[in-house]
Every structure is written in C-alpha cells, then in structure tokens.
Amino acid sequence: MANPLRDPQDRRLPHIPEPCALVIFGVTGDLARKKLIPAVYDLANRGQLPAAFVILGFARRDWDHGEFEELARDAAKAHARTPWREDVWNRLAGNFKFVPGSFDDDAAFDTLSATLDELRDTHAIPGNAAFYFSIPPGAFPTVLRQLERTGAADNSVSGGWRRVVVEKPFGNDLESARELDDVVDDVFTAEDVFRIDHYLGKETVQNIMALRFANALFEPVWNSHYVDSVQLTMAEDVGIGSRAGFYDSAGAARDVLQNHLLQLLALTAMEEPVGYAADEIRTEKLKVLRAITLPEDLETYAVRGQYSEGWVAGEKVRGYLAEDNIADGSTTETFVAVKLGVQNRRWAGVPFYLRTGKRLPRRVTEIAVVFKRAPHLPFHDYDTETLGQNQLVIRVQPDEGITVKFGSKVPGTGMELRDISMDFHYGEAFTESSPEAYERLIRDVLLGDKTLFPDAAEVEASWAVIDPLEEFWAGRKPSPYPAGTWGPQAAENMMDIDDRSWRRA
C-alpha cells in the first residue's frame with residue numbers, strides 16, 4: 001500500500017511540508033503578530049511543520065535575529081490557540097531570522113536573497129520559500145519588482161519552489177485587480193500565487209461541501225423547487241479600530257462583500273465538483289460567480305449605511321465620523337445589504353440576500369437557507385399562525401455549527417404547531433478544537449495546495465459584481481444607523497417589499 005503521507009489524494013493523515021522558509025513582509029503588523037506567528041506555533045505544536053523550517057521577518061526596524069525571536073515568542077504566547085509548551089518553542093528557537101529595510105531598499109532585498117541562499121547550508125533548506133505579503137496593497141508592486149530583480153521569486157534560480165501569498169483586497173476594482181494580477185503573474189508563475197481569503201480556511205466553511213455532497217438528505221432540496229431564499233450575514237459588533245487609513249478608502253463592499261460574502265455564496269450555490277481538487281472546485285465556484293445578476297432596482301435592493309453614535313453591549317460608542325483619522329463628511333459605508341440573483345437552472349428565481357456591517361448588535365457570520373412554506377392543508381390557520389418557514393442555518397462564527405429549524409406539535413390536547421430547532425455544535429460533537437483559519441491556510445501554502453485559495457478569474461468575477469454597485473453609489477451618502485442596531489431602515493424595507501424578513505442572527 002502506498003504511503004498516505006506521500007499521496008496528495010489521501011487526506012486521512014496530515015501531510016508534512018518539505019523543508020522551507022516563510023518570509024513575512026510587514027512582520028511588525030497586527031496580522032503577523034496576532035495571526036501568522038501564532039498559527040506557525042500551533043502548526044508546530046500539532047507536529048505539522050518540517051524539522052527544517054525558518055521564519056524570516058522583513059520590516060523597517062533596527063532588530064537583530066534575537067530581538068525578532070523574542071517578539072515572535074511573545075506573540076505566540078499571547079495569541080496561540082493551542083497550549084503553550086516550552087519544548088515546542090525550543091524546537092522553533094534559533095529558526096528566526098530578521099532582515100531590516102524598506103521596500104525600496106535594494107541592499108535590504110539583496111541581503112534577503114542572500115539569507116535565503118544561506119539556509120541551504122545552515123538549515124538544510126533547498127531553496128523552498130513562501131513570501132507572505134502582510135503589507136498595504138499599494139506596496140505590492142514595489143516588493144514584487146524587488147523579488148524579481150534579485151531572482152528571489154524565480155524557481156529555477158532558487159533551486160526549489162518560490163510562492164507568494166497575497167492578502168486581500170485584490171485591487172479596489174476590476175481594472176486595478178487585473179493590473180495587480182499582471183504584475184504578480186509576471187514575477188511568479190501563476191500556480192505559485194496564493195490569493196488568501198481567510199474565511200475559506202474556517203472549518204465551518206469547508207463543511208458546506210461536506211454537508212451538501214457527503215449526505216443524501218440535503219442535496220435533493222438544494223434548489224429553486226424547495227428553497228425560497230438564501231441569506232448570508234457577516235455582522236461585527238466592533239468599529240473600524242485602527243484601520244481608518246484602509247477602511248475609509250475601501251468601505252464595507254470592497255472590504256467584505258467582494259471577497260468573503262461572495263465566496264460564501266459561491267460555495268453555497270455551486271454544483272457538485274467531480275473531485276476534491278483545487279481546479280475542480282474553482283471551476284464550479286467560478287460558474288456561480290459569473291452567473292450572479294444585480295437587481296434592476298438598485299435604489300431599493302442595494303443599501304448602504306454608516307453607523308452613528310449608539311450603544312453596543314451596554315457601552316456607548318462613537319459614530320463613524322467621530323472615529324480617529326476619519327475625514328469630516330466621509331461617505332464611506334460601514335454597512336451593505338444587497339439582493340443578488342444566480343441565473344442558472346438550479347437557482348433561477350431564488351433571491352440571495354447579503355448583508356455585512358460594523359457596530360451591529362453582535363458578531364456573527366452565518367448562511368441561512370430558507371425553504372418554501374408547506375401548504376399546511378390538513379391544519380387550520382390558527383394551528384399554524386406561529387409557524388415560520390423551515391431553515392437550515394450554517395453558523396460560521398463564533399458559535400460554529402448547524403441549526404435546522406422546523407415545525408413541531410406543541411405538547412397538549414390541541415393541534416398547535418410551533419417552530420423548534422435542532423442544533424449541532426462543533427465544540428460539543430468533536431473533542432478536538434477546530435484549527436484557526438490561518439493555521440490551515442499557511443500549511444496549505446507550504447504544501448502547494450490551492451484548494452482553498454481563489455484564483456484570478458474568481459477575483460475578477462467578484463469585481464464584476466461590485467463595480468456596478470460602486471458606480472451606482474458614487475456621489476450618494478450612506479444612510480445613517482445607530483450603533484447597536486441591525487443597519488438602516490432601508491435594509492428592512494427591501495425585505496418588506498419582497499414579503500420577507502431578515503433572520504435575527
């Protein structure tokens with residue numbers, strides 16, 4: 001029997017990457033400290049890193065290797081998912097390198113390239129390296145050209161594989177996304193480019209395919225014959241925090257709708273792939289993204305909002321325009337609700353309602369499949385007056401699991417029907433806690449597995465949905481909504497017009 005550790009199709013045992021280095025640009029930022037470095041420690045704690053592995057940080061700091069290692073230790077200890085173990089850290093200790101410099105500093109990138117070359121002799125790493133861009137999108141072209149100039153991005157020069165991980169946003173419209181794709185694909189080979197959307201690394205997101213395609217129960221009713229509508233919600237109770245510089249130039253549609261929510265829509269609506277391979281899954285997702293249609297009445301069905309002063313979780317919070325570093329009179333939206341269609345045989349006529357926002361009552365991301373009403377022919381109207389529609393709700397975060405909502409008889413002598421719920425919770429059903437999204441995604445990058453990474457065609461198809469919305473909203477002010485509410489009244493009105501209502505997450 002073949003060794004499953006060497007068979008990419010056999011996923012029963014975790015595969016271990018080849019000896020390699022992870023280069024993090026912007027290693028002093030929040031993403032690196034709170035997500036990337038802790039994820040590396042968690043992978044080491046679970047025995048899923050190669051023995052020969054190096055983290056190489058690049059930033060504008062006057063640090064040596066030891067100072068960087070100390071920062072990494074503090075970050076891992078503060079934010080790791082798995083318990084702290086000194087023996088695990090001791091295996092990582094000594095494998096931290098730091099190169100100081102700015103992105104336009106030729107000498108710094110020459111040093112970076114030389115440091116990677118030295119790892120052949122010092123750490124038995126034969127040229128394999130992944131470059132993680134935890135930096136502002138505007139810096140991508142400069143860093144890419146530096147890697148091209150030094151040959152650090154060239155597989156043939158390095159003698160191993162060289163990969164690049166690009167964080168969202170992938171451009172700020174279709175034209176800029178294509179320009180960025182051209183630069184990235186010019187410096188790295190297309191198969192070595194990983195566009196990361198961390199939502200796709202969440203266990204509950206991956207479970208959408210297991211739920212649909214590994215069971216006979218759901219797929220027969222997963223279509224317009226039985227589904228009334230689909231709601232996708234990504235709500236946050238926090239404000240913009242320290243992201244004012246990025247957020248005020250992007251807004252909720254570019255920050256969340258273009259990537260996270262449209263990817264969730266594609267996974268929910270896609271046809272069954274012929275196999276669980278990256279190309280096969282992306283083919284089916286791309287069909288959905290290209291089949292998305294916007295409503296003709298954007299005035300009613302494309303709602304923008306901006307939070308004003310209010311109360312969240314019993315605490316008074318300021319409005320968006322009062323946040324630090326936000327320009328007076330900014331028209332950037334912090335809330336979006338939109339109705340979309342998917343024009344294919346499975347979903348024609350089924351509306352997909354998407355909403356996302358900041359300073360909403362609670363943090364929740366979920367997909368709610370709402371089924372059509374049963375005829376209720378055997379029952380009197382007063383028996384079913386409190387009965388709603390059947391729902392299947394996939395909870396992505398924070399309470400990961402699945403809820404099935406259906407009607408049942410209330411105990412007693414009468415025939416009163418009422419909605420009840422059956423809940424599945426990941427934390428109760430499985431003894432092992434789910435890995436963080438970045439754990440899974442970093443490991444997949446090091447393995448070269450692109451299953452959970454959108455490609456350039458998916459990104460462009462997503463921008464083709466967002467660009468017309470941005471054009472419609474240009475010059476318009478978003479509707480205000482008090483912090484701690486579920487968005488502006490216009491979002492409720494769009495559902496009322498369709499004789500539907502938002503699910504209260």
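T356 lies in strand β13 (residues 352–357); strands are DSSP runs of E, at least two residues long, and helices are runs of H or I, at least four, numbered from the N terminus. This is a predicted model: local features need pLDDT of at least 70, side-chain atom pairs count only at pLDDT 80 or more, and totals for chains, interfaces and linings use all residues. Residues are numbered from 1 along each chain as its sequence is written, and side-chain values use heavy atoms, with hydrogens and water left out.

**T356**
- At 2% relative accessibility, T356 is buried (under 20% relative accessible area, 1.4 Å probe, protein chains only).
- A polar atom of the T356 side chain lies 3.0 Å from the backbone oxygen of M234.
- Beyond four places in sequence, T356 touches M234, A252, V256, L261, T334, F335 and V336 (heavy atoms within 4.5 Å).

**S158**
- S158 is found in helix α6 (residues 155–158).
- S158 is buried too, with a relative accessible area of 2%.
- Its side chain reaches the backbone oxygen of N155 at 3.1 Å.
- Leaving aside neighbours within four places, S158 contacts R120, P126 and G127.

**Helices α7 and α14**
- The axes of α7 (residues 174–187) and α14 (residues 456–473) come within 9 Å and cross at roughly 165 degrees (lines fitted to C-alpha atoms over the stretch in contact, angles from 0 to 180 degrees between N-to-C directions).
- The two helices are therefore roughly antiparallel (over 145 degrees).
- L174, A177, R178 and D181 in α7 meet A456, V459, E460, W463 and D467 in α14.
- By class, this contact has five nonpolar, no polar and four charged residues.

Definitions and conventions:
Buried < 20%, exposed > 50% of the residue type's maximum accessible area, 1.4 Å probe, protein only. Polar contact = N/O pair within 3.5 Å; in protein donor to acceptor, adjacent residues only side chain to side chain. Parallel < 35°, antiparallel > 145°, perpendicular 65-115°, else oblique. Nonpolar A, V, L, I, M, F, W, Y, C, P; charged D, E, K, R; others polar.
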